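Hi,

Here is the structure I promised to pass on. Please have a look at it first, and then read my notes below.

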Amino acid sequence: MDAQQNRRVWRLIAGIVLLACLFVSFSAWGLGVNYTYTLRTVALGGVVLGALNGVLGCFAVLRQESLIGDALSHAALPGVAVAFLLVGRELGALLLGAGAASWLGVYAMHAITRTTRLKREPAMGVVLVLWFALGLALLSYIQSLPNASQAGLKTFIFGQAAAMVAQDVQWLAGMSALVFVVLAAFWKEFKLLTFDAEFAQANGFAVGWLNLLLSTLIVAAIVLGLQLAGVVLMVGLLIAPATAARQWTHRLSQMVVLAGVFGAFAGGVGAVLSAVDAKLPTGPMIIVVAFSVVLVSLLFAPERGVLATLLQRRAERLRFAKVVPLPERERNGRA
Amino acid sequence: MVALERLVIELLLLFVEHDALNAFLRDPRSVAVLVGAMIALCGALLGTFLLLRGQALTSDAISHTVLLGIVVTFLALTWLTGSTPDLSSPLLVLGAAGAGVLTVVLTETIQRSGLVKQDAALGLTFPLLFALAVILVTRYVDNVHLDTDAVLTGEIGMAWARTNSHCLDHCETITITEDDPRAQMTRQCTNCRQLGISPRDDGAQFREVCLNCGTYSPARAWQAGLIDQQPTLVFVPKSLGIMGALTLLTLAFVLLFYKELKVSTFDEALAHALGLRPRLLHYALMVLVSLVAVGAFEAVGSILVIAFFIVPPAAAYLLTDRLSVMLFLSPLVGVAGVWGGYDLARGSLFGVADMDALLAWANATFGLQLGAVWDVSISAAMVLMMGLFFFLAWVLSPKHGLLATAVRRLRQRYQFDTFVVLGHIDNHSGTARQAEELALETLHAHLHWSRSKLWRVLARLRALGLVQVREGQVLLTAHGAQRLLAFRHHNLIGRW
């Protein structure tokens, strides 16, 4: 069973890689995509971002915190505004501010769910809108200041994939590597935390700290992706690859690897597709590709997929009919 | 719609002067607060049911996907009629409502496959629909200018400026045609631009054009000086009209279907069994949420509108266990937030603190270089104010609040400490090991407590007259023995 599933996952990854290679050659010849330096950079950025978010998204989806990406990417805004007010327009400071604000948002969310009877969803909603409103208030205050350097603060929030430069991609790759190392180091703990947090606590793991660490990784991925890709893209990119990967396997390790591959595929192909026409936006195209992957997975995944379930039901019905023959009359009546 | 507005105006004029009404409707503050309060009322009532049904974030999803409905309807209308449709057309609103329902149906379809959980299903649906909308907008609709500021924060402060006029008296609609003596005619060159020639050149062709022809509503006719007597006009802000109608609709929905909503929210199976059609009600609720999201979009922006659905019900949920009370408290929080928020945006915190002074103080104290004038987005300030009320409810709620919980825990700890000591003394007094177990010097070790903790507890118990120290031993007083007995009887024996 395990060996069979392993083989299936490897075959799937090989298939995706093959599909990506075919797509690259097809897009160059058939769609007339010109692989310029800019496009190569953006596509590479999409691949890295997709892989990073796909991997981390697995944990968010399995913990039923899928919309955390939505909440946190909005919650980054006040941090950016405060960093701008205090330090000025410096990328490092803005990123740090965004991270700090999202992180505080995570903390507030956990505080609300722990100390009140509000569930996770409304807690996320409350943090999302309040942080965002604070950010907007500060932003409107900044705009009222006689200060010309505020321009571009908003694209920082809402992302501009086309503005990606090689240095951004290097940054992104470095941070992704760091995130993967942390993930590997705490693999056992995160696995336990995801599937049975109470058991983890009973066994003496510092669940609170681990929770915070995992949230910090997700915050890092979101903040990194935000300025390149925009808010809504981050939501989809976090959820879609993980959901697709979940359909093909029952093992967390395989799911994480698959989600990374799916995410990378969606990021790269979406970025290239958006280059077909100058008027196609990058972020939404990536989402559409990612959702197509989800749709294919939901329909055709073996064992769990919709098609497999239908076929299995049919087989069972036939088997049942063979084992328990109905009276002649009734069988005719049904036909 | 127009007739409804007219009816309300006629009703109001029975009570107030026409000038006073106009003054009220031309005041930015009163209009902003009124529109905000209406959004808060709708959002809080509908959001209460969303929260209790575990669908708080559905409003978030819907507020994003209505864009798809608007864009698709817009493109369809453009394609069908061949001209750019009016952005305030009611058909666009219908399209938006359709997109809201589509979001819910799609989410439920994905969820019902059993392969994806509810939160992930929602998180798959709305980015997809939103992405499609963005692709359509950037690909096909480039002549409609979308101001990002307007999308983000709305323009509730300017709500008073866009109005519909209603004429009450001396209403005269003027139509000017080309042969009217008032028509201003001029000649316009028809082929100059094509041929690149000046109107003075030979070969230029002209036609007569009327500059001021058309139909004038009474308000415009008076403005243009076409009528002598000033018409009696009432200017109703457009947002006020839209939100007023939506408020009536929401109120009617909640009041008429209160019983059905209540049953289907808390026990959908029972609602089914009683024949109350909970699915239909569910979709009606979602249509209303979409309509309010679209109606409020212009005033408070696409993201902040979610706050009106989520924050007030969340605050009310912390304060009460009864649906009827929650339905009363949650609009109250929303409206209070709107009220306080407008003033906050204009620099005054409940009329108590002045934000400009606060900024100056921050600059002076921390050496910051902040601007000295506090001028922020009104809608954001309203949401922040609701957040403040949420925070207050979180801390101060009499039953579930942080403070109440802390006090309860403290009292439980006191009680626990008290009866651990009393019980220990009672268990060992009169036994052979009494001298050892109850010695003042070693008692803390028997209880596995620190010495200081024991001293603290003993001091309290002695002050209450429950224990006494005699010959280096801690003993119960008569009062203490009585208390212990009562406690055991009530909590231990009584339970068994």
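Predicted model: local features only at pLDDT ≥ 70, side-chain atom pairs only at ≥ 80, totals over all residues.

I began with the interface. Chain B and chain A bury about 4,900 Å² between them, and 75% of that area is on carbon and sulfur atoms. The contact draws on 59 residues of chain B and 55 residues of chain A. On the chain B side, B:Leu57, B:Leu115 and B:Asp119 supply 13% of the area that chain B buries against chain A, more than any other three residues. The rule finds one salt bridge across the interface of chain B and chain A. If you want to look at a salt bridge up close, go to A:Arg117 and B:Asp321, whose side chains meet at 2.9 Å, N to O.

Next, the helices of chain A. Helix 3 (residues 68-75) and helix 5 (residues 91-115) of chain A have axes that come within 8 Å and cross at roughly 130°. That angle makes helix 3 of chain A oblique to helix 5 of chain A, and their crossing is right-handed. Helix 3 of chain A brings A:Ile68, A:Leu72 and A:Ala75 to the contact, while helix 5 of chain A brings A:Ala101, A:Ser102, A:Val106 and A:Met109. Six of these contact residues are nonpolar, one is polar and none is charged.

Also in chain A, the axes of helix 9 (residues 187-195) and helix 13 (residues 252-273) come within 12 Å and cross at roughly 100°. Helix 9 of chain A and helix 13 of chain A are therefore roughly perpendicular to each other. Here A:Trp187, A:Lys191 and A:Phe195 of helix 9 meet A:Leu252, A:Ser253 and A:Val256 of helix 13. By class, this contact has four nonpolar residues, one polar and one charged.

Finally, chain B. Its helix 5 (residues 90-112) and helix 13 (residues 278-300) pack at an angle of about 130°, with their axes 8 Å apart. Helix 5 of chain B and helix 13 of chain B are therefore oblique to each other, and the crossing is right-handed. Among the residues that meet are B:Val93, B:Gly100 and B:Glu108 from helix 5 of chain B and B:Arg279, B:His282 and B:Val294 from helix 13 of chain B. The whole contact divides into 11 nonpolar, three polar and two charged residues.

Best wishes

Methods. Residues numbered from 1 in each chain as written. Chains lettered and ligands numbered in written order. Heavy atoms only, no water. Axes fitted to C-alpha atoms, helices over the stretch in contact; angles between N-to-C directions. Helix = DSSP H or I, 4+ residues; strand = E, 2+ residues; numbered from the N terminus. Parallel < 35°, antiparallel > 145°, perpendicular 65-115°, else oblique. Left-handed = near helix turned anticlockwise from the far one by under 90°. Contact = heavy atoms within 4.5 Å. Nonpolar A, V, L, I, M, F, W, Y, C, P; charged D, E, K, R; others polar. Buried area = accessible area lost by both parts, 1.4 Å probe. Salt bridge = Lys/Arg side-chain N within 4 Å of Asp/Glu carboxyl O.
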